[in-house]
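The entries below record what I looked up, in order.

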Amino acid sequence: MKRTYFLLIICVLGALRSLAQPAVIPQPVEMQRNGPAFTLHGGIPVYYEADSLLPAAQLLQHYMASSMVRGVKLLQGRGDSNCVNLRVDSIAVPQAEGYVLETGKKGIFLTAHDAAGIIHGIQTLRQLWIPKSSGYFTVPGYTIRDYPRYGYRSMALDVSRHFFPVSYIKEYIDLLSLYKFNTFHWHLTDDQGWRIEIKQYPRLQTAAAWRKETLIGHKKETPHRFDGKRYGGYYTQQEVKEVVQYAAQRGITIIPEIEMPGHALAALTAYPNLGCTGGPYETATFWGVFDDVFCAGNDSVFTFLQGVIDEVLTLFPSPYIHIGGDECPKTRWQQCAKCQARMKAHNLADEHALQSWFVQRMEKYINSKGRNIIGWDEILEGGLAPNATVMSWRGEEGGLAAAQQQHRVIMTPESHVYFDYYQSRNPAEPVAAGHYTPLSKVYSYQPAASLHDTLQQYIAGVEGQAWSEYMINEQQASYMIFPRALALAELAWTPTTQRNYDDFLKPLREQVSTYYWLYLPRKESISAARTATHNFDEVICTAMQPKAGSVPLTLYSSYPGARITYTTDGREPQRSASAYTAPVSITQSCLFKARAFNEQGKPIGRTFEQKVTIHKATGAAVSFTHAPLPRWNPGAAALVNGIEGVHRYNDAQWLGFSGDDLEAVIDLSTQQSIQHVRMNFLSYHWQRVWAPQQLEVLVSTDGQQYQQVYTQKDFPVNGINKVQASFPATKARYIKVIGKNKGILPAGEYGAGSKALLMIDEVVVE
């Protein structure tokens, strides 16, 4: 039923569209009005000039039939009028994947550089046509000249953590094609499940594809809870072939990912001889990185992986195979006699070099089969494989380094294009991986902006990531991925000089209203969503630089002409409440709420709310002995701005110190009587976040001589530890807070050997 709805609602894309500005995403390079509209109706001929264009003509016929325009005739040759004409002319359209679409009184004429350009033109046509009644459309008259900014435009989907049926994979591919992506990165294997049938190794289906249970809630919550239900599944080779063919018909190349040498726990469960210890192993039920990986010193590992690759190559015609290469702990290799012998035999300096040797060995095998590899940026460690493409995810540094070595690079930094991160800070958002990546941040991304022009040629394109730890079903996956994927589609296709976020939101609102079922949070009713606006138009609140005893709040909604109202007494804002016209100065502690309303007075999105606490240190000067880590440094004022950070710690309120002790001095500017100091510390050991080993609060009247008034060593809460420091009333101007960092994490702890992160927020002085 859902599949039918998807095909039907495409035909109503233009229902609200003004002819002056069609809702086309991504925005074409050039679009000009071209006279009167053309009517598309049943029985109209679709001409295609070459045999190679028959699949594209059939695809258009399918789209029209799905939208109730039936009886379309397919004819080889060229039509002159009252028809649809498809042809390839690489001279008239010199850019790869480019097309020229002309619509007007005489018909629809689509000329492209290649077959891919024909499909892109068809997708633009679908976004242009306007239903008038059952059986025909009108297409406004336009001349559109269009071609992509990047040759590689991709979305990934992780099916290992949560498994998605073939029907959803096809819907996903349909949407990628509609928005002119040309690649689908299918993440098929990981610690939590092996999802592709390999006939030579049947235990990958019977054992590796299943786990005994699944984590409930977020992994940072302890004690960890599990549902006790067996979970899994895999795609048969016949299903894979079906999906690959379906994607190819829509101009989408599928790149499979078979993880190695890390993220291998599911495979080791099926074949324990492939690990360093010999097992037993168990398919992971928890999200994270695990020490048990493929044994680099065991030749049977390469026999196994080559056998897997052989079968994968028969299923996927893509010129690239993704081999992972990320997050591979070296713990087992360091203790494995076979791995150490391998290092000695090949004169490898360390385990990083061993990983490089592993990757290069597999690369040579895949190259011998006429294919090339893609790997995450960790494959740079120990030396880059000669013909590898680097997928840069830990920021852009790996991609820039690879480009400087003249390697092909795909930019996919987690800071901007990881769609498992929260897209709104609203407390109603469903559980996500962490951090905060709103639609505007995705759209603002400029790939490799710092790279010299001479090296830009090595940036093949961009990819968005959809890791499924917290995407527990199809609806949740769609809600997290869309519409952020549309922002990525436009930055990958449209020239930078022509992109504008506000202009992008205009067609996006129309498309969201059409595809409302894609943008629903879990448990929200479809009827409510028909009139709802997605969270990118909700009220956003920014706390400005606090002043002594005052916190100014700035409110914003991207919805044009939105009326924002607010309350300070905790009541739900109505349209008649106080209207926002300038920053609101909060001078008394309160529960602040705000909401946006459209022209008809209907609410937009959800209500924003924020508790604000005004205290003696609000707006005071703050200094640090050690600077916070740049990623966790919203500014010293965040420590005394009256706003407490939330447990998701993605709200730009927490200050983090990596390996360094916290030592902060708060200057109240005058001597005052104080007897309470409150503050919050985070403790999430699974995220490498540790509360201080010891906390001290000291006070001073002159900033030179300090008196200790409070100390604490026990922080038992997994999450936010709320410190309540009370002491006899004391005269003080300066307050010093010292927190001793855990330092280097010890063996046996998550992230052992790395620096602990100490995170603090809001020091309240009373």
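**Entry 1: strand S38**

I looked up the pairing of strand S33 (residues 655–658) with S38 and found it antiparallel over four bridges. Strands and helices here are DSSP runs, numbered from the N terminus (helices H or I, at least four residues; strands E, at least two), and two strands pair if DSSP finds at least two bridges between them. Ser-658 stands opposite Leu-757 in S38. S34 and S38 also run antiparallel, joined by four bridges, and here Phe-681 stands opposite Ile-760. I then checked how far S38 (residues 757–765) is covered: nine of its nine residues are buried, so the strand is largely enclosed by the rest of the structure. Buried means under 20% relative accessible area, exposed means over 50%, and partly exposed lies in between (1.4 Å probe, protein chains only).

I note for all entries that the model is predicted: local features need pLDDT of at least 70, side-chain atom pairs count only at pLDDT 80 or more, and totals for chains, interfaces and linings use all residues. Residues are numbered from 1 along each chain as its sequence is written, and side-chain values use heavy atoms, with hydrogens and water left out.

**Entry 2: the whole chain**

I counted the elements next: the protein chain has 18 helices and 38 strands. Its radius of gyration is 29 Å, close to the 27 Å that the globule rule gives for 766 residues, so the chain is as compact as a globular protein of that length. The radius is taken over C-alpha atoms, and the rule is 2.2 Å times the number of residues to the power 0.38. The C-alpha trace spans about 90 × 75 × 55 Å along its principal axes. Of the 766 residues, 58% are buried. Among contacts (heavy atoms within 4.5 Å) between residues at least 6 apart in sequence, 72% join residues at least 24 apart.

**Entry 3: a seven-strand sheet**

I traced an open sheet of seven strands with mixed pairing, in the order S1-S10-S6-S7-S5-S3-S4. Strand S1 (30–33) and strand S4 (73–76) stand at the edges with a single partner strand each, so one side of each is left without a neighbour in the sheet. Neighbouring strands of this sheet are turned by 10° against each other on average, direction ignored.

Within the sheet I followed S6 (residues 99–104) and S7 (residues 107–112), which pair in the antiparallel sense over six bridges. The bridge partner of Glu-102 in S7 is Phe-109. Helix H3 (residues 115–128) lies across strand S5 (83–88), S6, S7 and strand S10 (142–146), running at about 35° to S6. Axes are lines fitted to C-alpha atoms, for helices over the stretch in contact, and angles run from 0 to 180 degrees between N-to-C directions.

Is Thr-103 buried or exposed? Thr-103, which lies in S6, is buried, with a relative accessible area of 1%. A polar atom of its side chain lies 2.6 Å from the backbone oxygen of Pro-140. Not counting residues up to four places away in sequence, Thr-103 touches several residues, including Asn-34, Ile-108, Leu-125 and Tyr-142.

**Entry 4: helix H15**

I found H15 (residues 474–481) mostly covered, with six of its eight residues buried. These are Gln-476, Ala-477, Ser-478, Tyr-479, Met-480 and Ile-481. They pack against strand S11 (152–158), helix H4 (166–178), helix H16 (484–493) and strand S31 (603–612). Asn-473 caps the N-terminal end of H15, a side-chain oxygen lying 3.4 Å from the backbone nitrogen of Gln-475.

**Entry 5: backbone exceptions**

Most residues other than glycine have a negative phi, and most peptide bonds are trans. I looked for departures from this.

- The peptide bond from Ile-25 to Pro-26 is cis, with omega near -5°; Pro-26 is in the loop between helix H1 (2–9) and S1.
- Met-260 and Pro-261 are joined by a cis peptide bond with omega about -10°; Pro-261 is in the loop between strand S19 (253–260) and helix H7 (265–270).
- His-435 has a positive phi, near 60°, and lies in the loop between helix H13 (414–417) and helix H14 (439–444). At 24% relative accessibility, His-435 counts as partly exposed.
- Arg-688 has a positive phi, near 70°, and lies in the loop between strand S34 (662–683) and strand S35 (695–700). Arg-688 is partly exposed, with a relative accessible area of 35%.

Notes:
Polar contact = N/O pair within 3.5 Å; in protein donor to acceptor, adjacent residues only side chain to side chain.
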